[in-house]
Amino acid sequence: FLCDRYFLVTCRVQASRRGLSESELAILARAIRERCAAMPFVLAAWVLLPDHWHAMIFARCPLTVSRVMEAIKVSATKLINRSRGERGVLFQGRFFERALRTVKEYHEKVEYIHRNPVTEGLAARPEDWQWSSVHDYSPGGISPLPVDRVSLPADEKSRHL
């Protein structure tokens, strides 16, 4: 159940830690990019915010979404703690994940991810937020963390993700 399907994941910064700055969002993006290069998972959409981040991940067996998230969180924590001169856990131990079941749900969650900066009051439009894959979904757009675009069935009720 924890591999070979798309998951919407949400990871929060510990309440006791300050939110991520612009430079730390860049470090988090770098950590995710490095884990993408080292591990066989697909990153289909993402957004990074000061207090949390979302991603759409497809983990290929035997890799699980839990192992992907652990690798990202450990890597990002080490890099950000080093830049801050701090120690300790940066992200909450647990993360939220939702297995996506239909193509329609996939598209809804990509939209949710991209609208998150607007919902959080950080941008007027999704395109105004730099730390999002919305730019990869726009003509000619490029984001600091490229996504893996996938071909999905045209039938939105399809359960074959």
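1. Two strands are taken to pair if DSSP finds at least two bridges between them. Helices (H or I, at least four residues) and strands (E, at least two) are DSSP runs, numbered from the N terminus. This is a predicted model, in which local features need pLDDT of at least 70 and side-chain atom pairs count only at pLDDT 80 or more, while totals for chains, interfaces and linings use all residues. Residues are numbered from 1 along each chain as its sequence is written, and side-chain values use heavy atoms, with hydrogens and water left out.

2. The sheet. An open sheet is formed by 4 strands in the order β2-β3-β1-β4, with antiparallel pairing.

3. Strand β1 and its partners. Strands β1 and β3 run antiparallel and are joined by 7 bridges; within this pairing, Tyr-6 stands opposite Phe-58 in β3. On pairing with β4, β1 is again antiparallel, over 4 bridges, and Leu-8 stands opposite Arg-98 in β4. Strand β1 is mostly covered, as 6 of its 7 residues are buried (buried means under 20% relative accessible area, exposed over 50%, partly exposed in between, with a 1.4 Å probe and protein chains only).

4. Aromatic pairs. How many aromatic pairs does the structure hold? There are 2 aromatic pairs; rings of Phe, Tyr and Trp (its six-membered ring) pair if their centres lie within 6.5 Å, and planes under 30 degrees apart count as stacked, over 60 as edge-to-face and the rest as tilted. The ring centres of Tyr-6 and Phe-58 are 4.9 Å apart and the planes stand at 55°, so this pair is tilted. Because Tyr-6 lies in strand β1 (residues 6-12) and Phe-58 in strand β3 (residues 52-59), the pair ties together parts that are 52 residues apart in sequence. Tyr-6 is buried at a relative accessible area of 6%, and Phe-58 also counts as buried, at 14% relative accessibility.

5. The second ring pair. Tyr-6 and Tyr-106 form an edge-to-face pair, with 5.3 Å from centre to centre and 80° between the planes. Tyr-106 lies in helix α3 (residues 103-119) and Tyr-6 in strand β1, so this pair ties together parts that are 100 residues apart in sequence. Tyr-6 and Tyr-106 are both buried. Through these ring pairs, Tyr-6, Phe-58 and Tyr-106 are linked into a cluster.

6. The nonpolar core. Which residues of the largest nonpolar core touch the most other members? They are Leu-28, Leu-48, Trp-53, Met-56 and Ile-57, out of 51 residues in this core. A nonpolar core is a set of buried Ala, Val, Leu, Ile, Met, Phe, Trp, Tyr and Cys residues joined through side-chain atoms within 4.5 Å. Two or more residues are given to this core by each of β1, α1 (22-38), β2 (41-48), β3, α2 (65-84) and α3. Leaving aside neighbours within four places in sequence, Met-56 is in contact (heavy atoms within 4.5 Å) with residues including Tyr-6, Tyr-106, Val-42, Leu-100 and Ile-113.

7. Helix packing. Helix α1 lies across β2 and β3 and runs at about 175° to β2. The axes of α1 and α2 come within 9 Å and cross at roughly 145°. This crossing of α1 and α2 is right-handed (a crossing is left-handed if the near helix is turned anticlockwise from the far one by less than a right angle, and right-handed if clockwise). Among the residues that meet here are Ile-27, Leu-28 and Ala-31 in α1 and Ile-72, Ala-76 and Leu-79 in α2.

8. Arg-30. Helix α1 also contains Arg-30, which counts as partly exposed at 36% relative accessibility. Arg-30 and Pro-144 are 114 residues apart in sequence and 8.5 Å apart in space, C-alpha to C-alpha.

9. Points to inspect. Most peptide bonds are trans. The bond from Cys-61 to Pro-62 is cis, with omega near 10°, and Pro-62 lies in the loop between β3 and α2. In the segment after α3, Ser-133 counts as buried at 0% relative accessibility. Not counting residues up to four places away in sequence, Ser-133 touches Ala-45, Trp-46, His-114, Ser-143 and Val-147.

Terms used: Axes are lines fitted to C-alpha atoms, for helices over the stretch in contact, and angles run from 0 to 180 degrees between N-to-C directions.
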